[in-house]
Amino acid sequence: MIGAGVVGLSVAWLLCQHGHRVQLIDPALARGQSIDAGSSAALGLLMAQVFRRSSGRGWRLRQQSLALWQQWREQLAQRGYQIPWRAGLLQLACNEQDWQAQTRLAEQRQQQGLPLRLLSQAELQALSPALPAEAAGALFSANDGQLDPQPAMQALLHDGQRHGLRTEAAAVLQLERGSKDADGRWMIHTEAGTCSSHWLVIAAGLASPALLEPLGHTRPQSPVLGQALELQLPAGCNAESWPGSVSWDGINLVPRPGGRLWLGATVEPGVTQGSPEALAQMRHLSGAAPDWLREATALRHWQGLRARPDERPAPLLELLEPGLLLTSGHYRNGVLLAPATAAWVLEQLESPRP
């Protein structure tokens with residue numbers, strides 16, 4: 001297993017739960033996630049039931065992941081790993097067109113038996129701290145929500161190690177086809193030496209294309225940078241009184257303990273350093289920020305690079321050749337789709353093959 005972001009950790013953890021021998025390789029295991037890692041930018045929003053589509057692969061993966069995250073959180077909690085979870089997602093309508101689309105989606109979801117409901121402008125105005133006055137209404141999903149990515153990743157790693165997960169904090173230099181016997185189908189050359197494996201799973205984000213190209217597999221991906229902020233709100237402001245996290249025009253506002261708030265993330269394709277202008281635009285909700293948000297103090301600023309597939313839909317879940325799986329290119333939904341990705345890998349490993 002190459003890559004110890006949230007997707008790689010989820011795959012490694014699930015495989016260990018099912019009795020597979022797993023070795024997880026990533027230099028980040030020693031020095032932590034770099035700014036090049038998509039997991040570094042994630043705020044952990046799980047937007048499954050508010051997804052605009054109601055069928056297809058994207059819909060199925062989101063619903064499967066949402067259900068699995070609940071099972072995993074309960075399972076890990078029983079073993080002593082608490083993953084902070086905030087239920088509820090309030091998606092604001094930026095204009096009348098958004099509001100009409102939300103009205104149609106709420107009707108569809110209610111016909112599916114899912115608990116989405118609309119909030120009027122008057123109901124939004126009753127919330128404190130105040131939301132953007134321009135909001136035409138909102139769609140509330142009680143089952144969607146937000147989990148804290150870093151404790152989740154630590155829980156998957158430590159519980160995986162308790163169940164036999166082996167780790168190697170090293171960079172992968174080259175992949176090579178080996179013999180066809182049970183353990184030597186793939187040779188993995190790292191900074192620390194060479195190991196072999198019957199199955200090889202690559203979840204290395206933007207590093208994946210360079211590992212695959214020498215093997216004849218072209219799967220280009222492009223970086224999309226995201227910046228995020230942690231803010232200390234003015235005295236008397238407590239965003240935890242909202243019914244959940246809030247989404248406004250693609251920007252997410254995540255209530256945090258102690259009168260704090262996460263705000264993110266920007267969408268900046270093709271760059272490796274965040275733009276001050278993009279950060280300022282996010283900070284002020286493109287001009288719609290209420291006074292309390294403008295007065296908040298920035299405590300922390302961070303960024304990460306998400307991997308977006310070129311000319312292919314995200315994510316890339318592919319059996320490239322016997323024993324070689326690619327699980328990458330999750331773009332903005334790595335945290336949400338990690339459990340469904342892990343379930344797909346498990347199915348590939350355990351499916352009978354000629």
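Biologist: What should I know before we start?
Modeller: This is a predicted model, where local features need pLDDT of at least 70, side-chain atom pairs count only at pLDDT 80 or more, and totals for chains, interfaces and linings use all residues. Residues are numbered from 1 along each chain as its sequence is written, and side-chain values use heavy atoms, with hydrogens and water left out.

Biologist: How are α1 and α3 oriented to each other?
Modeller: Helices here are DSSP runs (H or I, at least four residues; strands are E, at least two), numbered from the N terminus. The axes of α1 (residues 6-17) and α3 (residues 56-78) come within 14 Å and cross at roughly 65 degrees; axes are lines fitted to C-alpha atoms, for helices over the stretch in contact, with angles from 0 to 180 degrees between N-to-C directions. Angles under 35 degrees count as roughly parallel, over 145 as roughly antiparallel, 65 to 115 as roughly perpendicular and the rest as oblique. So α1 and α3 are roughly perpendicular.

Biologist: Which residues of α3 does α1 meet?
Modeller: Contact means heavy atoms within 4.5 Å. From α1, the residues taking part are Ser-10, Trp-13, Leu-14 and Gln-17. On the α3 side they meet Trp-72, Gln-75 and Leu-76.

Biologist: How are α3 and α10 oriented to each other?
Modeller: The axes of α3 and α10 (residues 334-350) come within 7 Å and cross at roughly 90 degrees. That angle therefore makes the pair roughly perpendicular.

Biologist: How many residues of the contact of α3 with α10 are nonpolar?
Modeller: Ala, Val, Leu, Ile, Met, Phe, Trp, Tyr, Cys and Pro count as nonpolar, Asp, Glu, Lys and Arg as charged, and the others, Gly among them, as polar. In the contact of α3 with α10, two residues are polar and one is charged. The nonpolar ones number twelve.

Biologist: And α1 with α10: how do they lie to each other?
Modeller: Their axes come within 8 Å and cross at roughly 40 degrees. The two helices are therefore oblique.

Biologist: Which residues of α1 meet α10?
Modeller: In α10, the partners include Gly-334, Val-335, Ala-338 and Leu-349. From α1 come Val-6, Val-7, Ser-10, Val-11, Leu-14 and Leu-15.

Biologist: Which element gives the most to the lining of the second largest pocket?
Modeller: β1 (23-25), β9 (193-197) and β10 (200-202) are the elements that give two or more residues to the lining. The one giving the most, with three residues, is β9.

Biologist: How many residues of that pocket's lining are charged?
Modeller: The lining of the second largest pocket has eleven nonpolar and five polar residues. The charged ones number three.

Biologist: What is omega for the cis bond joining Gly-264 and Ala-265?
Modeller: Ala-265 belongs to the loop between β14 (260-264) and β15 (268-269). For the cis bond from Gly-264 to Ala-265, omega is about -10 degrees.

Biologist: What is the phi of Leu-285?
Modeller: Leu-285 lies in the loop between α8 (276-283) and α9 (291-294). Although Leu-285 is not a glycine, its phi is positive, at about 50 degrees.
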